[in-house]
Amino acid sequence: MTPASSIGAAVADGLVREAAWRQRRIIKWVVITAICLFVLWLAAWRIGLNFVSMLRGLPHMADVFMRMVPPDFGYMERLIDPTIETIQIAVWGTLLAVIASAPLCLLAAHNTTPHPVIYSITRVFLNLLRSINELIYALILVSAVGLGPYPGVLAIALHATGMLAKFVAEEIEHVNRGPIEALQAAGAGRMQIILMGILPQVLPSLVGYILYRFDVSIRSATVLGLVGAGGLGFSLITTMKMFRYHETAASIVMIILLIMLADWISGRLQKRIL
Amino acid sequence: MSHSGNFPLEQPSLTYFGKAKFLAYTLAAAIFLAWSANSLELNAGELMRSMPVIGRYIARMFPPDWTVLEGLWGPTLDTLCIALWGTVIASIIGLPLGILAAKNMHSPAVIRVGALTILNILRSVSELIWAIFFVAAVGLGPFPGALALGVNFGGILGRLYAEAIENIDPKPHEALRATGANHVQAIMFSVIPQVLPQIVSYNLYWFEVGVRSATVLGMIGAGGIGFVLVTTIRLYEFQETAAILLVILVLVTIIDRASAVLRRAIVG
Amino acid sequence: MYMEKEAALNVAKSSPHETSGQPIISIRNVGKTYANGSVVALSNASFDVQRGEFVVILGPSGAGKSTLLRCVNRLAEPTQGKIFLDGKEITENARELREVRRHIGMVFQHFNLVPRLSVLMNVLSGRLSYRSTWRSFFYSFTKEDRAIALECLEMVALGHKAFQRASTLSGGEQQRVAIARALAQKPTVILADEPVASLDPKIARQVLTYLKEVTHSLGISVICNLHQIDFAREYADRIVGLCDGEKIFDGKASELTDNILKKIYRLNAEDDSDASE
């Protein structure tokens, strides 16, 4: 045990060091907080966000909201077809993405790519695909091939391909080397290694991710209609433009129901599979 | 490869019933897909016909027209501001709801379910739909964009916060209660320090997502770089479109890197 | 005094240990049945702890040791019996819980420090019960608190690590910080619930030595749950043996015979694994 006198000295010394330490911490937090507040203030000023405009906006929001309730539930019946279309867009968009990413993910993983140059090119390409939003694709595609669900499917497929292929490529890069070496030792060919050594290892996370992607695709498919690419979003924007707010509200309710259903289903499937 | 006795051979083979079920599922899926493809007018002919058109559109994007860059500083800044305030509003909405919704915070069942329902609704309605609503209410501009992002992300963040709170280690909290600290003190010293880094990291990540979303909010008139983008598409100025898309790509990449660095600095 | 008489009776019945004045903790017929009514965690336990005494509660896991300790500072509510701290009953009045807990420090198996806070802040959190809620919002303490916390850290020889994050310390060091946190409460009793169960034997001995020497020099009583017999023999002033929620031994370490041990651990060869968590 340390004698009491030396403890006293150590405590006195500790108090001095503690004061310095505390001061540093306080200064650090004051500086960080000040910077954050300053940046936020600048940003608010830039986009005209302030308390007054917020307050002034409130009655208008209430007004639009009041014109929406109650939703026109009779209109729901006419939303069944767009709802099915939304699901179909999401399913086919995701499916096309799965098909397209099968070769792409192999090219974009450094342990399966045939050449480093191809690896880099594929990676850049996938980044490009990923970083452009579905809606932007949809907007361009609608102007190219016309209104309808078809550009919607392509838009979802393009974005999802970028996401899916990159995810799978990274999974492939993290597989356990052991089984692959065993296969190589047994003289297996490249394709055999991919099918027997890599696929079984990435399959569980792959299935989980595809389900997640499908969930996201459903969400996207509900808004693609805003730019004319079919689905529920199209009903929403057309009724809105005609100021039939009760029908707009019905569309929104339908969208909420659809998304909750998709959430629930993909959650259940994920639990069953994983 | 060696086949030891317990490898696939001894696995129970699928029963006839199991096989029939599997077959039925596959068939049902195939029929659904075929029917969907038919009603979506998705077929080889359509693909063949549209691909050249799409190809021509893409070709018209090159070379990108960099002259638009000059006018892009302002909208880019707007986009960043929308994303920033969107995330801030999202935290303001999400934090209290998240705390109420977390199981281990023991709020009354009615309040917990209420908070969860609100979070679910906010989450389910995409920021674009919220933006349409807010634009209808307060007019065009970045302000409704920030609100829309804030409301939708508030729902997402609230749920993430709730999960973060539910995942904390309850033992330090108990230890503090055992010293005689009261509930609030124990939360300040055990829950907050554990959850704060998570919250910061979620916020940074969703700021990043917010920048991406803010680029499309412009489409429905909520300002920022997306508005310029949509205008160029509508005017068929595809070379400008390409330049703007590349700017967005660079912007998002920079934000991505910066927030990774920040996250490590704050959380690490 | 009534209390003393009852205590003396109890001691006479089970232990020849000398009583020196009023016991600091008196446990009387304490039992705990879990809510569904089927599991009896603890039944009818009675014993006293004297000032400055180091009592080890020995028993296999699941014997009710943890429940017993938790009843003392009421992290668990006993379903029967009474517990007295310094002659005052503490099992009744919920309003004074904070006041009671302030006098009882606790050390846990898994240290239960807040990993992201500094070592000093963790020790300071032992002072929370002395400070107002609004102060805690700013993580602010008085100079006295800071001096006490630093002193407690010095007592477990960790003053030099005061400003590190708790998570950067080794297991043994973390447990010493936890002891310092308990000491910072200025407690009269420290409850230690399997304090060394997740440490290797060498570090475990070091931590127990700190716990014993510091509490001894400050006159703090310790009730310490252990499942290791050798540690119990080495550190205990007195041992209470618990099995299936019942007290079956209460006496000095030297009186702990193999027969009694067998009874505590229901020792058949295949039950051996029960003795370690």
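Student: What makes H5(A) and H6(A) oblique to each other?
Tutor: This is a predicted model, in which local features need pLDDT of at least 70, side-chain atom pairs count only at pLDDT 80 or more, and totals for chains, interfaces and linings use all residues. Residues are numbered from 1 along each chain as its sequence is written, while chains are lettered from A and ligands numbered from 1 in the order in which they are written. The axes of H5(A) and helix H6 (residues 149-173) of chain A cross at roughly 140 degrees and come within 8 Å. Angles under 35 degrees count as roughly parallel, over 145 as roughly antiparallel, 65 to 115 as roughly perpendicular and the rest as oblique. The angle of roughly 140 degrees falls in the rest, and H5(A) and H6(A) are therefore oblique.

Student: Which hand does the crossing of H5(A) and H6(A) have?
Tutor: The crossing is right-handed, the term used if the near helix is turned clockwise from the far one by less than a right angle.

Student: Which residues make the contact of H5(A) with H6(A)?
Tutor: Among them are A:Tyr137, A:Leu141 and A:Val145 of H5(A), and A:Leu154, A:Ala155 and A:Leu158 of H6(A). Two residues are in contact if their C-beta atoms, placed from the backbone, lie within 7 Å. By class, this contact of H5(A) with H6(A) has eleven nonpolar, two polar and one charged residues. Here Ala, Val, Leu, Ile, Met, Phe, Trp, Tyr, Cys and Pro count as nonpolar, Asp, Glu, Lys and Arg as charged, and the others, Gly among them, as polar.

Student: How many residues of chain A and of chain B take part in their contact?
Tutor: Chain A gives 45 residues and chain B gives 47 residues. On the side of chain A that touches chain B, helix H5 (residues 134-145) of chain A supplies the largest share, eight residues. That side has 33 nonpolar, ten polar and two charged residues.

Student: Which helix gives the most to the side of chain C that touches chain A?
Tutor: H6(C) does, with six residues. The contact takes 13 residues from chain C and nine residues from chain A. The 13 residues of chain C divide into seven nonpolar, two polar and four charged.

Student: How is chain C divided into domains?
Tutor: The assignment, automatic or from a database, gives domain 1 (23-103 + 189-199 + 218-277) and domain 2 (113-186). Their centres, taken over C-alpha atoms, are separated by 26 Å. Seven residues of domain 1 of chain C are in contact with six residues of domain 2 of chain C.

Notes. Helix = DSSP H or I, 4+ residues; strand = E, 2+ residues; numbered from the N terminus. Axes fitted to C-alpha atoms, helices over the stretch in contact; angles between N-to-C directions.
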